[in-house]
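I opened the file to look up a few local features. My entries follow in the order I made them.

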Amino acid sequence: MQIDKLRGKALDQLFDAILTLKDREECYRFFDDLCTMGEIQSLSQRLQVARMLMEGQTYHQIEEETGASTATISRVKRCINFGTDGYKMTLDRLG
(Lines give C-alpha, C1' and ligand atoms only; values in the text may rest on other atoms or scores of the structure.)
Protein backbone atom coordinates (compact mmCIF):
# COMPACT_ATOMS: atom_id res chain seq x y z
CA MET A 1 0.00 0.00 0.00
CA GLN A 2 1.23 3.47 -0.85
CA ILE A 3 -0.11 4.85 2.41
CA ASP A 4 2.26 2.60 4.36
CA LYS A 5 4.93 5.23 3.70
CA LEU A 6 2.90 7.68 5.82
CA ARG A 7 1.97 5.24 8.57
CA GLY A 8 2.65 6.56 12.04
CA LYS A 9 1.27 8.42 15.03
CA ALA A 10 0.04 11.46 13.12
CA LEU A 11 -1.90 9.46 10.52
CA ASP A 12 -3.24 7.10 13.19
CA GLN A 13 -4.54 10.15 15.06
CA LEU A 14 -6.25 11.47 11.92
CA PHE A 15 -7.97 8.14 11.23
CA ASP A 16 -8.91 7.72 14.89
CA ALA A 17 -10.44 11.21 14.81
CA ILE A 18 -12.48 10.33 11.72
CA LEU A 19 -13.68 7.13 13.39
CA THR A 20 -15.07 9.16 16.31
CA LEU A 21 -17.47 11.08 14.07
CA LYS A 22 -21.05 10.07 14.82
CA ASP A 23 -23.06 11.40 11.91
CA ARG A 24 -22.98 13.35 8.66
CA GLU A 25 -23.28 16.73 10.42
CA GLU A 26 -20.19 15.98 12.53
CA CYS A 27 -18.38 15.02 9.31
CA TYR A 28 -19.36 18.33 7.74
CA ARG A 29 -18.05 20.23 10.77
CA PHE A 30 -14.78 18.29 11.05
CA PHE A 31 -13.91 18.32 7.36
CA ASP A 32 -14.84 22.00 7.09
CA ASP A 33 -12.14 22.72 9.66
CA LEU A 34 -9.67 20.13 8.37
CA CYS A 35 -9.70 20.64 4.60
CA THR A 36 -9.96 23.38 2.03
CA MET A 37 -13.07 23.47 -0.14
CA GLY A 38 -10.97 22.23 -3.06
CA GLU A 39 -9.67 19.25 -1.09
CA ILE A 40 -13.17 18.27 0.00
CA GLN A 41 -14.44 18.63 -3.57
CA SER A 42 -11.57 16.48 -4.89
CA LEU A 43 -12.23 13.71 -2.39
CA SER A 44 -15.95 13.75 -3.14
CA GLN A 45 -15.32 13.80 -6.90
CA ARG A 46 -12.97 10.79 -6.74
CA LEU A 47 -15.56 8.73 -4.89
CA GLN A 48 -18.21 9.71 -7.44
CA VAL A 49 -15.83 8.80 -10.29
CA ALA A 50 -15.15 5.41 -8.68
CA ARG A 51 -18.87 4.70 -8.37
CA MET A 52 -19.46 5.61 -12.00
CA LEU A 53 -16.51 3.52 -13.22
CA MET A 54 -17.75 0.53 -11.25
CA GLU A 55 -21.17 1.02 -12.85
CA GLY A 56 -19.48 0.77 -16.26
CA GLN A 57 -19.89 4.37 -17.36
CA THR A 58 -17.51 5.79 -19.96
CA TYR A 59 -14.82 8.40 -19.41
CA HIS A 60 -16.91 10.84 -21.45
CA GLN A 61 -20.02 10.28 -19.31
CA ILE A 62 -17.97 10.68 -16.13
CA GLU A 63 -16.28 13.86 -17.40
CA GLU A 64 -19.66 15.33 -18.33
CA GLU A 65 -21.34 14.55 -15.01
CA THR A 66 -18.50 15.19 -12.56
CA GLY A 67 -16.19 17.62 -14.32
CA ALA A 68 -13.28 15.30 -13.48
CA SER A 69 -10.28 15.35 -15.77
CA THR A 70 -9.26 12.25 -17.69
CA ALA A 71 -6.14 12.15 -15.49
CA THR A 72 -8.30 11.93 -12.36
CA ILE A 73 -10.53 9.29 -13.92
CA SER A 74 -7.48 7.28 -14.98
CA ARG A 75 -5.97 7.48 -11.50
CA VAL A 76 -9.20 6.30 -9.87
CA LYS A 77 -9.50 3.49 -12.43
CA ARG A 78 -5.93 2.40 -11.66
CA CYS A 79 -6.81 2.27 -7.94
CA ILE A 80 -9.93 0.22 -8.68
CA ASN A 81 -7.99 -2.22 -10.86
CA PHE A 82 -4.72 -2.47 -8.94
CA GLY A 83 -5.35 -0.90 -5.52
CA THR A 84 -6.40 -2.32 -2.17
CA ASP A 85 -10.17 -2.43 -2.89
CA GLY A 86 -10.86 0.60 -0.68
CA TYR A 87 -13.29 2.11 -3.18
CA LYS A 88 -15.11 -1.20 -3.66
CA MET A 89 -15.36 -1.88 0.07
CA THR A 90 -16.76 1.56 0.81
CA LEU A 91 -19.16 1.75 -2.13
CA ASP A 92 -20.46 -1.77 -1.37
CA ARG A 93 -21.21 -0.67 2.19
CA LEU A 94 -23.01 2.43 0.98
CA GLY A 95 -25.21 0.22 -1.15
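I started in the loop between helix H5 (70–82) and helix H6 (86–94), where Asp85 lies. The model is predicted, so I read every value here as computed. Phi of Asp85 is near 65°, a positive value in a residue other than glycine. I noted this because most residues other than glycine have a negative phi. I then looked up the cover on Asp85: the relative accessibility is 44%, and Asp85 counts as partly exposed.

Next I looked up salt bridges. How many does the structure hold? I found 3.

In helix H6, I found Asp92 and Lys88, which are 4 residues apart and therefore separated by about one helical turn. Their side chains meet in a salt bridge at 2.7 Å, N to O. Asp92 is partly exposed at 47% relative accessible area, and Lys88 is partly exposed at 42%.

I went on to Arg51, which forms a salt bridge with Glu55; the closest N and O atoms are 3.2 Å apart. Arg51 counts as partly exposed at 30%, and Glu55 is partly exposed at 48%.

The side chains of Asp4 and Arg7 also meet in a salt bridge, at 2.7 Å, N to O.

Last, I looked up a nonpolar patch on the surface. Met1, Ile3, Leu6 and Phe15 form this patch, with about 400 Å² of accessible area together. Phe15 lies in helix H1 (residues 9–19). I recorded Phe15 as partly exposed, with a relative accessible area of 37%.

How values were computed
Residues are numbered from 1 along each chain as its sequence is written. This is a predicted model: local features need pLDDT of at least 70, side-chain atom pairs count only at pLDDT 80 or more; totals for chains, interfaces and linings use all residues. Side-chain values use heavy atoms; hydrogens and water are left out. Patches are made of residues with over 30% relative accessible area and no salt bridge: like charges are joined within 9 Å, nonpolar side chains (Val, Leu, Ile, Met, Phe, Trp, Tyr) within 5 Å. Accessible areas come from the Shrake-Rupley method with a 1.4 Å probe; for residues, only the protein chains shown count as cover. A salt bridge is a side-chain nitrogen of Lys or Arg within 4 Å of a carboxyl oxygen of Asp or Glu. Helices (H or I, at least four residues) and strands (E, at least two) are DSSP runs, numbered from the N terminus. Buried means under 20% relative accessible area, exposed over 50%, partly exposed in between (1.4 Å probe, protein chains only).
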